[in-house]
Amino acid sequence: MKYFYGEYDGQEFPTQDKLFGFDQFMQFIMQYGDQALKAIQQMMQDPNNPEQSEMLEQLLQDGMLDKDGKGRLRLTPRAVSKMQRKR
């Protein structure tokens with residue numbers, strides 16, 4: 001883990017959704033499965049947190065998530081492959 005120390009610049013501390021990287025995101029999905037994907041779908045539709053929605057939309061654009069015929073989220077083979085390479 002890398003640490004960065006510096007003088008406080010007055011900016012707001014990053015929230016959990018900004019600190020939640022791809023690896024943690026994938027671990028969350030692997031651990032909770034369908035429930036995680038349902039929660040992610042709800043997060044994408046949350047009007048109070050547009051930054052989170054943007055992050056998830058980016059995962060869709062990057063080909064890590066996909067929607068099935070019923071509009072439910074699912075992992076793509078690309079995402080699974082990337083996760084397997086990390087282990």
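Mentor: Happy to! Helices (H or I, at least four residues) and strands (E, at least two) are DSSP runs, numbered from the N terminus. Let's pick helix α3, where Gln41 has its place.

Some ground rules come before the details. This is a predicted model, in which local features need pLDDT of at least 70 and side-chain atom pairs count only at pLDDT 80 or more, while totals for chains, interfaces and linings use all residues. Residues are numbered from 1 along each chain as its sequence is written, and side-chain values use heavy atoms, with hydrogens and water left out.

Now look at which residues are buried (under 20% relative accessible area; exposed is over 50%, partly exposed in between, with a 1.4 Å probe and protein chains only). In α3 these are Ala36, Leu37, Ile40, Gln41 and Met44. They sit on the same side of α3 because they cover an arc of only 140 degrees around the axis, taken from the directions from the helix axis to the C-beta atoms. An α-helix has 3.6 residues a turn, so residues three or four places apart point the same way. The face turned away carries exposed Gln35, Lys38 and Gln42.

What does the buried side pack against? Its partners are α2, α4, β1 (65-67) and β2 (73-75).

Gln41 counts as buried because its relative accessibility is 17%. Beyond neighbours within four places in sequence, Gln41 is in contact (heavy atoms within 4.5 Å) with Lys67, Gly71, Arg72 and Leu73. A polar atom of the Gln41 side chain lies 3.1 Å from the backbone oxygen of Gly71.

Conventions. A polar contact is a pair of N or O atoms within 3.5 Å; within protein, one must be able to donate a hydrogen and the other to accept it, and residues adjacent in sequence count only if both atoms are side-chain atoms.
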